[in-house]
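User: I would like to go through some of the labels attached to this model and see what each one rests on. Could we take them one at a time, setting each value against its cut-off?

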Amino acid sequence: MTEIMANRGTAQRPNGSTQGKICQFKLVLLGESAVGKSSLVLRFVKGQFHEYQESTIGVYSNYNLLFASLIIYFAAAFLTQTVCLDDTTVKFEIWDTAGQERYHSLAPMYYRGAQAAIVVYDITNQDTFVRAQTWVKELQRQASPSIVIALAGNKADLTNKRVVEYDEAQAYADENGLLFMETSAKTAMNVNDIFLAIGKLRKNRIKLLSLYILQLKSFRKMSSQEVQVQVGKAVGSLNQKGKKQQPAIAASDYPNLYVLHLILVSI
């Protein structure tokens, strides 16, 4: 059962009962200017589409003299959306970054600490697909090892102008362990689907961490080989429930024994 909440209050199931589990995570959109990042977010959050969407540049400033604080959201827009996935309420904190080259150096400020990223390209522009691959490499190198990366081929309604073939993008996504969908902010094609698929993958990873912690309770009594076997079983169980586009748990989520030990001593 999946439900997108129209309000920002307490999430309710259709029968009126309150959702029990809450999952909140940061998601960042990356890609060249004019590929439709802002349009995808606007469609997902507000169900709207503007034919002529302004480019994302400096967005929000908040001055708090009492606490002598200054918050500036520069070269990115910030929006939130809450959805219900089965028994879990998922709140997306979405950072829509500017695509202009002069803002590239600011991108790490937004994807640092992100649990998910959507790299967007325009199916009618080959250069944006090449640039998307550069963004993926940067995320794989500098972002969190457990980040969920989705590749979105936007403007799928312009099939008569297509230059990036679906099979080419799908093959690239498969090689790099990415979730992949073609989307259209204009027609709403796969817009909700790609965000919800990310939410489900993150939900599975949180479930996996819980399984890790249960296993860690007896960590000191287990040999290294036994720990690896137990971790492998937990990962395999969740992978069987994952979508074909991407395993529920990526290979990068396998922690080594030292990391397991650090988690153990911290709980």
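Analyst: A residue is called buried when its relative accessible area is under 20%, exposed when that area is over 50%, and partly exposed in between. This is a predicted model, and in it Glu-182 has a relative accessible area of 6%, which is under the 20% cut-off, so Glu-182 is buried.

User: Why is Arg-162 called partly exposed?

Analyst: Its relative accessibility is 22%, a value that falls between 20% and 50%, and therefore Arg-162 counts as partly exposed.

User: How do you know that Glu-32 and Arg-131 form a salt bridge, and what does the pair tie together?

Analyst: The closest N and O atoms of Glu-32 and Arg-131 are 3.2 Å apart, which is within 4 Å, so the pair qualifies. Glu-32 sits in the loop between S2 and helix H1 (37–46) and Arg-131 in helix H3, so parts that are 99 residues apart in sequence are tied together. Glu-32, with a relative accessible area of 24%, is partly exposed, whereas Arg-131, at 13%, counts as buried.

User: Which label does each partner receive in the salt bridge of Lys-155 and Asp-122, and why does the pair count as one?

Analyst: The N to O distance is 3.4 Å, within the 4 Å limit, and therefore the pair of Lys-155 and Asp-122 counts as a salt bridge. Lys-155 lies in the loop between S8 and H4 and Asp-122 in strand S7, so the link joins parts that are 33 residues apart in sequence. At 24% relative accessibility Lys-155 counts as partly exposed, while Asp-122, at 6%, counts as buried.

User: What is the span of helix H3 set against, and which elements do its buried residues pack against?

Analyst: Helix H3 (residues 126–142) reaches 25 Å from its first C-alpha to its last, close to the 24 Å expected for its 17 residues at 1.5 Å a residue. Its buried residues, among them Phe-129, Trp-135 and Leu-139, pack against several elements, including strand S2 (21–31), strand S8 (148–154) and helix H4 (166–176).

Note on methods: Residues are numbered from 1 along each chain as its sequence is written. This is a predicted model: local features need pLDDT of at least 70, side-chain atom pairs count only at pLDDT 80 or more; totals for chains, interfaces and linings use all residues. Side-chain values use heavy atoms; hydrogens and water are left out. Helices (H or I, at least four residues) and strands (E, at least two) are DSSP runs, numbered from the N terminus. The expected span of a helix is 1.5 Å times one less than its number of residues. Buried means under 20% relative accessible area, exposed over 50%, partly exposed in between (1.4 Å probe, protein chains only). Contact means heavy atoms within 4.5 Å. A salt bridge is a side-chain nitrogen of Lys or Arg within 4 Å of a carboxyl oxygen of Asp or Glu.
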